[in-house]
Amino acid sequence: MSTSPDTGTVPIIDPELDGAATSVDEADAADAAAPGTPNGRRPGLVARLAASVADPVLRILVTATLISRVGRGVFLTVTVLYFTLIVGLAPHEVAIVLGAASAAGVLSSLAGGWLADRLSARRLLLVLTTLEAIGLICYVFAGDFTSALIIAVAVGAIGQATNSTRMAIIARAFDADARVHARAVLRTVTNLAIAVGSGIGAIALLAGTAEAYRWIIVGAGVMYLLGLVQLVKLPTSVDAPRPPAAPPVTTETGSTDVAASAVAERRALRRHSPWRDPRYLALTALTAVFGMQFGVGEVGVPLWIANETAAPEVLVAAVLILNTVIVIIFQVPLSRGTHDLRRAGRVSAIAAWLMAAACLVYAAAAGLPVGFAIAVVVLAAVAHAFAEVLSQAGGWGLSFELADPVRAGTYQGVFSMGYSLGAMVAPLFVTSTALSLGFGGWAILAGVFLASGLGTWAIARGAARTAAPASAV
């Protein structure tokens, strides 16, 4: 599980799912009827994959992501055990290190987007990716809690700044639906690459030696560096355009007041700040809350299966694989059209109902016989996976379409910061509700996800209403 809107009544699940399926079928039919399609047949899987990355910028980003995220998968597989078995950290020290790394990413998410509006986003991405690779390699020198903490904080901060910069590039390099499509393709590729990297990381786990762990971590860092070979090909068009200049301030004699003009220009730029956009801040807060569903999958579900159900612990791995498969297969098709505010709102509402249902079904697995417990958990995991896919699609569409293009990087930085905050809070919130209170805690989670998802739907609905009269003018 990997980071990224109208009706007069609250949506229900079945009609909207039918609408989503119809939309996908219509898009597929359009593809089949497109000129150049032999005999009116849909192209094969390989042809469709190639067509999905036909844009040169997207092709560069996909190739770089495919390479570097294999390294990420390697690293994620060995991190906790490396800290515990090789560095010798206690479990609570590992928790502090990982928590501090997440906390560092909160501010750096904003910083990455802010810098991408003021510097060359292309060069910034190259520098940050290089620093992240070096940071990963530096883990081999961690010998105690302090050194591990310093390295983890640096890598966490740089990684989130890199993500915000990449989002700013996507916001500028593509238009409307192409942005969401690019984001969906990159997420699909990320899941594939991490799955491959996890398999490679298992080599270190099988060997079990300090040398094996360290060499595999070095290899992960090198994979990041190899991704630079593709990123250097990004065109300068992905950089921020020069912001519109404010009219020059003149003196009584008619000459330009340079100092006053600079102040006026800064004030004009501040008017495009996301911090002055309450609707975007509300969207960021709601999607951050819904983003805690990743914490449910990474923390809540594994511990619930192991401690509160009769299902075997191997089900944890099966659920993770199931989630990855659903994301890989459905993220791109279910993201189609979510650049439209109404559709983005609808899929966010569907995600809200699915996630609320998933929480209650997870809770129902406690106390059931083994076979029933497995079936119930798998059913909940399917609903959870589709909620994840749809919430990401809706969130990406709204985050791009409701952002001010003058400050695209800063807007994406704020949005990414919200996700970082949600990720940081999620483990504590999930453990203090579902894992501490049982069914009542899962019900609280269901209510939180339902409220945040429907809140996102309401924002999208209002934005669509506002945009309609404006477009008619």
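Q: Is Ser335 buried or exposed in this predicted model?
A: Ser335 is found in the loop between helix H12 (314-334) and helix H13 (341-364), where helices are DSSP runs of H or I with at least four residues, numbered from the N terminus. The model is predicted, so local features need pLDDT of at least 70 and side-chain atom pairs count only at pLDDT 80 or more, while totals for chains, interfaces and linings use all residues. Residues are numbered from 1 along each chain as its sequence is written, and side-chain values use heavy atoms, with hydrogens and water left out. Because the relative accessible area of Ser335 is 2%, and buried means under 20%, exposed over 50% and partly exposed in between (1.4 Å probe, protein chains only), Ser335 is buried.

Q: Which residues is Ser335 in contact with, leaving aside its neighbours within four places in sequence?
A: Contact means heavy atoms within 4.5 Å. With the neighbours within four places in sequence left aside, the residues in contact with Ser335 are Asp177, Val180, Ala184, Ala393 and Trp396.

Q: How are H7 and H8 oriented to each other?
A: Helix H7 (residues 177-207) and helix H8 pack with their axes 8 Å apart and at an angle of about 165°, the axes being lines fitted to C-alpha atoms, for helices over the stretch in contact, and the angles running from 0 to 180 degrees between N-to-C directions. Angles under 35 degrees count as roughly parallel, over 145 as roughly antiparallel, 65 to 115 as roughly perpendicular and the rest as oblique. H7 and H8 are therefore roughly antiparallel.

Q: How many nonpolar, polar and charged residues does the contact of H7 with H8 have?
A: From H7 come Ile200, Gly201, Ala204, Leu205 and Ala207, which meet Ala212, Tyr213 and Ile216 in H8. Ala, Val, Leu, Ile, Met, Phe, Trp, Tyr, Cys and Pro count as nonpolar, Asp, Glu, Lys and Arg as charged, and the others, Gly among them, as polar. By class, the contact has 7 nonpolar, 1 polar and no charged residues.

Q: What is the handedness of the crossing of H14 and H15?
A: Helix H14 (residues 370-401) and helix H15 (residues 408-437) pack at about 150° with their axes 10 Å apart, which makes H14 roughly antiparallel to H15. A crossing is left-handed if the near helix is turned anticlockwise from the far one by less than a right angle, and right-handed if clockwise. The crossing of H14 and H15 is right-handed.

Q: What kind of aromatic pair do Phe75 and Tyr139 form?
A: Rings of Phe, Tyr and Trp (its six-membered ring) pair if their centres lie within 6.5 Å, and planes under 30 degrees apart count as stacked, over 60 as edge-to-face and the rest as tilted. Phe75 is buried at 7% relative accessible area, and Tyr139 is likewise buried at 4%. With 4.9 Å centre to centre and 40° between the planes, the pair is tilted.

Q: How many residues apart in sequence are the parts that the pair of Tyr280 and Tyr411 ties together?
A: Tyr280 and Tyr411 form an edge-to-face pair, with 4.7 Å centre to centre and 75° between the planes. Tyr280 is buried at 0% relative accessible area, and Tyr411 counts as buried at 3%. Because Tyr280 lies in helix H10 (residues 278-290) and Tyr411 in helix H15, the parts tied together are 131 residues apart.

Methods
Helices (H or I, at least four residues) and strands (E, at least two) are DSSP runs, numbered from the N terminus.
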